[in-house]
Amino acid sequence: MSLALNDLLICCRQLEHDRASERRKGVEKFKRLIRDPETVQHLDQHSDSKQGKYLNWDAVFRFLQKYVLKETEYLKTGRPNVSTSTQATRQKKMQEISSLVKYFIKCANKRAPRLKCQELLNCIMDTVKESSNGAIYVADYSNILLKDILSVRKYWCEISQQQWLELFSVYFKLYLNPSQDINRVLVARIIQAVTKGCCSQTDGLNSKSLDFFSKAIQNARQELTSAGLNHILAAFVIFLKTLAVNFRIQVCDLGDEILPTFLYIWIQHRLTDSLKEVIIELFQLQVYIHHPKGAKTQEKGAYESRKWKSILYNLYDLLVNEINHIGSRGKYSSGFRNIAVKENLIDLMADVCHQIFNEDTRSLEISQSYTTTQREFSDYGVSCKKRKIELGWDVIKDHLQKSQDDFELVPWLQITTQLISKYPASLPNCELSPLLMILCQLLPQQRHGERTPYVLRCLTELALCQGKKSNLDSSQQSDLLKLWIKIWSITFRNISSEQIQTENFALLGAIIQGSLVEIDREFWKIFTGSACRPSCPVICCLTLALTTSVVPETVKTGMEQNICEVNRSFSLKELMLKWLLLSQLEDDFEDSIELPPILHSNFPHLSLEKILVSLTMKNCKAAMNFFQSVLECEHHQKEKEEPSFSAVEELFLQTTFDKMDFLTIVEKYAIEKHQSSRGFSVHQNLKELLDRYLLVLSEQLLNNYSSETTNTEMLVRCSRLLVGVLGCFCYLGVITEEEAYESELFQKAKSLMQCAGESITMFKNKTNEESRIVSLRNVIHLCTSCLCNCTKHNPNKIASIFFLRLLTSKLMNDIADICRSLLNLGCCWHISGRDLPPG
C-alpha cells in the first residue's frame with residue numbers, strides 16, 4: 001500500500017474514534033487527503049480494477065458511513081429540551097456532517113461515477129426513512145439523490161425495479177405529509193425523476209400508484225400554495241402516458257374525475273407559467289387519449305362520456321378567456337412582449353375546437369361544474385353555475401375581424417392555422433370564401449410586419465385545405481380564384497422581403513400544389529435574378545413548381561437585359577442552374593473568393609440535387625415527378641419525425657371497447673412497384689454546364705483551402721452535393737455507377753473529403769474549444785444524414801454508396817478518437833446532442 005493510502009487508512013480509523021475531539025481532527029485531515037492528487041489517483045485505480053483487497057472509494061465510503069452513524073447517535077443522546085442556542089449548534093453539526101458526505105461523493109465521482117450505486121442508495125434510503133434523523137439530513141441526502149444519483153446515467157441503469165418503486169413510495173409519502181419540515185419542491189422534483197425511472201427502467205408503476213397522485217391533486221384544490229405541484233403533475237403525465245397503453249378506459253375515467261379540479265385551480269389560483277404549462281400538457285394528453293387522431297365518435301375510435309363532454313365545453317370557455325386575457329395583457333403592457341401565444345396552448349385550443357364545433361350549434365349554455373366540490377360534481381342533481389358560450393367558425397371569424405391590435409389578432413390567427421392544418425376536413429366548404437376574404441383583407445395591412453407572417457401561414461394552410469376539397473361548386477370556385485389571384489399578386493410583390501421569405505414561399509408553394517392559380521412567366525424570374533437567394537423555403541417552392549408545371553424555354557427579364565450575352569442566348573434552365581449554384585457571385589465567378597449561398601445552407605436531403613438533375617432533362621416535369629414518386633427511406637423519414645404520442649393513438653384506433661379474448665390485426669403491406677427509369681433524355685449541353693458549375697464550386701474550395709481557416713462543414717457539404725447529383729443521374733439511368741466513380745466530379749468529392757479529414761486531424765489537439773466541438777458535431781451530422789441503410793433502389797441509397805467511398809479509414813479513426821477524448825472530458829452528451837436523465 002502506498003504511503004498516501006496508508007495515511008488515508010489511518011485517518012479513516014481516526015473517524016471511528018470514541019472521542020469526539022479525535023474525530024474532529026480526523027475530519028479536517030480526511031478532507032485534505034481525499035482531494036490530494038496522489039491519493040485520488042490510487043483510489044481511482046483501485047476502484048476501476050475491482051480488486052477488493054486494496055483501499056478504494058467504496059471502502060472509504062463505508063468508513064465515512066460509520067462516522068456519520070456515530071456522530072448522529074451522539075447528537076440523539078443529548079437532552080431533548082435544550083436552549084435555542086444548543087439546538088442551533090446541533091443543527092449546525094448535522095449540516096456539517098451531511099456536507100462532508102456531499103463533499104466526499106463529489107470528490108469520488110468527479111472524474112467518473114466510481115462509488116457503487118447500491119451502497120449510495122442504501123445509505124440515502126436508510127437516512128430518509130429514519131424519522132428521527134430530522135429535516136436537515138432528509139433535505140441534504142435528498143439533494144444528493146437528485147444531483148449525484150438520479151442525474152448520472154450509469155446509476156440510472158443500475159437501480160433495481162424494487163428500489164425504483166421504494167423511492168417512489170417513500171418520497172410520495174414525504175410530499176403528502178404536511179407535518180414534515182422539508183422543501184416540498186425538492187421532493188416533487190425527485191418524484192418526477194423517479195417516476196420517469198419507474199416508467200422507463202422497469203415494468204412501470206402499477207395502477208395503485210394512482211392513489212398517490214389522486215391524493216396530491218385533491219390536496220392541491222384546498223391549498224393556497226402549489227409548491228412543487230408542477231413537478232407532481234409532470235410526473236403524473238409521464239405515468240399516464242405509460243399507463244394509457246394498456247389501461248385506456250381507466251385513464252379516460254380518471255381524467256373525467258380529476259380534470260374539473262384543474263379547471264377550478266386555474267380559475268381560482270394565481271398559477272405560475274410552469275404550472276400552467278404542465279396543466280395544458282395534462283389536458284392535451286387526455287384529449288389525445290379520448291380522441292386519438294381527432295376521432296369524434298365511438299365508431300371512429302373516440303371514448304365518449306357525459307362528464308367528458310362537459311369538461312370539453314368548460315375547457316373551451318377557459319381557453320377562450322385565457323387567450324383573450326393574454327391578448328389584452330400584451331396590448332396594455334409596456335416594453336417588448338411577444339405577440340404570439342405558446343404553441344402548446346394553441347394546439348390544445350385547436351383540438352378542443354375540432355371536437356365541439358359543428359354546423360348545427362352556434363351557442364350553448366354550459367354548467368360550470370368545476371366550481372362545485374368533487375363530491376357535488378359527481379351528483380348531477382346539484383345545481384351549478386350556468387354560462388352561455390358561442391361556438392363554431394363564426395367565433396373565429398368575429399375575432400379575426402373585430403381585433404385591430406396585433407396582440408388580440410395573432411392568437412386567433414394561430415388557432416385558425418393550427419385547426420385547419422391538423423383537421424382540414426373540419427372546415428366546411430361554405431366557410432372557405434368568407435374566411436379567405438377576411439385573410440385577404442388582413443394581408444396588405446403590414447403594421448410593421450408583425451401580423452403578416454401569421455396571416456401568410458394561415459393562408460398557406462387554407463390553400464392546402466382547399467387543394468384537398470374536390471366538391472366545390474363552380475360559382476364558389478370562381479369567387480375563390482379571384483381572391484387567390486389577388487393574394488398571389490400581393491405575395492409576389494413582397495417576395496424579396498427577407499423577414500417573411502419563409503412564409504411567402506410556403507404560401508406560393510401551397511397555391512401551386514393545389515393548382516389554385518396558373519403559374520405565369522413572371523414567377524420563373526424569381527429563380528434567375530437577385531430578388532432572393534437559394535434557401536430551404538425557395539428550394540421547396542421550386543420543387544413544387546417543377547413537379548406541377550413545365551419550365552418555359554426562355555423568359556425576358558426586362559429592358560435592361562434580354563437574356564443574351566455577347567452572341568448567344570441563354571435558356572431559362574441555364575439561368576436557373578447558374579442562379580442555384582453560383583448565385584450572388586461576380587461574372588468572373590471562376591476567380592471569385594466568395595462562396596455561394598448553397599454551401600452555407602442545409603437543404604432537405606437530395607432536394608437541391610434532384611432539382612439540378614431534373615433541369616438537365618428534356619422533360620423536366622416528368623423527371624421531377626419520377627423523383628418525388630419514390631417513397632422516402634425509413635432512415636430519413638425518422639429524422640423528420642418528432643417524438644410524440646402518435647404511435648399510441650394509432651394503437652387506440654386499431655382496438656375496440658368491446659371485451660374480447662384476443663384481437664388480431666392484419667397489416668396490409670403495399671406491394672412495392674419498381675418503376676423503370678428508362679425514357680429520360682438528357683440535354684447534353686445542360687449536363688455539361690451543370691458539371692462545369694459543380695467543378696467551379698469544388699475548385700473554389702480546394703484552391704482556397706487551409707486546414708486552419710477553412711470551414712470543414714463547407715467541404716463536406718460540397719462533397720455531398722457532388723455525390724448527390726451523381727446519385728440522381730444514376731437513378732435516372734443517365735450514367736452508370738462505374739461511370740460515376742470515374743467521373744471528375746467524384747474525384748473532386750474525394751479531394752474535398754481528404755481536406756475535411758486533414759482539418760479534423762488538426763482538431764484532435766483542440767478539443768477544448770467550444771466552437772470546434774460544435775463544428776465537429778455538425779460535420780458528423782452532415783455525414784450521417786448522407787448514409788442510408790435501406791435496401792430499396794432509390795437515389796438515397798445510390799448517393800449513400802457513393803458517399804461511403806469518400807470516407808477513409810483515417811477519417812473514421814480520427815472522429816472516433818476525438819469522440820473518445822470528449823467522452824473522457826465529460827462532453828459525450830454535448831457532442832451527440834443528447835440530454836442526461838432528469839435531475
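## A tour of the cavities and a helix pair

Search the whole structure and you find four cavities of 30 Å³ or more. On a 1 Å grid over the protein atoms alone, a cavity is a set of points where a 1.4 Å probe fits but cannot get out, and lining residues have an atom within 4 Å of a point. This is a predicted model, and totals for linings use all residues, while local features need pLDDT of at least 70. Residues are numbered from 1 along each chain as its sequence is written.

**Stop 1: the largest cavity.** Select Phe 603, Leu 608, Glu 609, Arg 717 and Arg 720: of the 13 lining residues, these lie nearest the centre. The volume is about 130 Å³, meaning the space filled by probe spheres set on the points. Now colour helix 32 (712–731) and helix 27 (607–615), which each give two or more residues to this lining. Helices here are DSSP runs (H or I, at least four residues), numbered from the N terminus.

**Stop 2: the second largest cavity.** About 60 Å³ of space lies here. Select lining residues including His 605, Glu 609, Arg 720 and Phe 803. Helix 32 and helix 36 (795–804) each supply at least two lining residues.

**Stop 3: two packed helices.** Next, show helix 4 (residues 57–76) and helix 6 (residues 117–129), which pack at about 10° with axes 11 Å apart. Axes are lines fitted to C-alpha atoms over the stretch in contact, and angles run from 0 to 180 degrees between N-to-C directions. The two helices are therefore roughly parallel (angles under 35 degrees). For the contact (heavy atoms within 4.5 Å), select Asp 58, Phe 61, Arg 62 and Gln 65 of helix 4, plus Glu 119, Leu 120 and Cys 123 of helix 6.

Definitions and conventions:
Predicted model: local features only at pLDDT ≥ 70, side-chain atom pairs only at ≥ 80, totals over all residues. Heavy atoms only, no water. Parallel < 35°, antiparallel > 145°, perpendicular 65-115°, else oblique. 1 Å grid on protein atoms, 1.4 Å probe; cavity = no way out; pocket = protein on both sides within 12 Å on 5 of 7 lines; lining within 4 Å.
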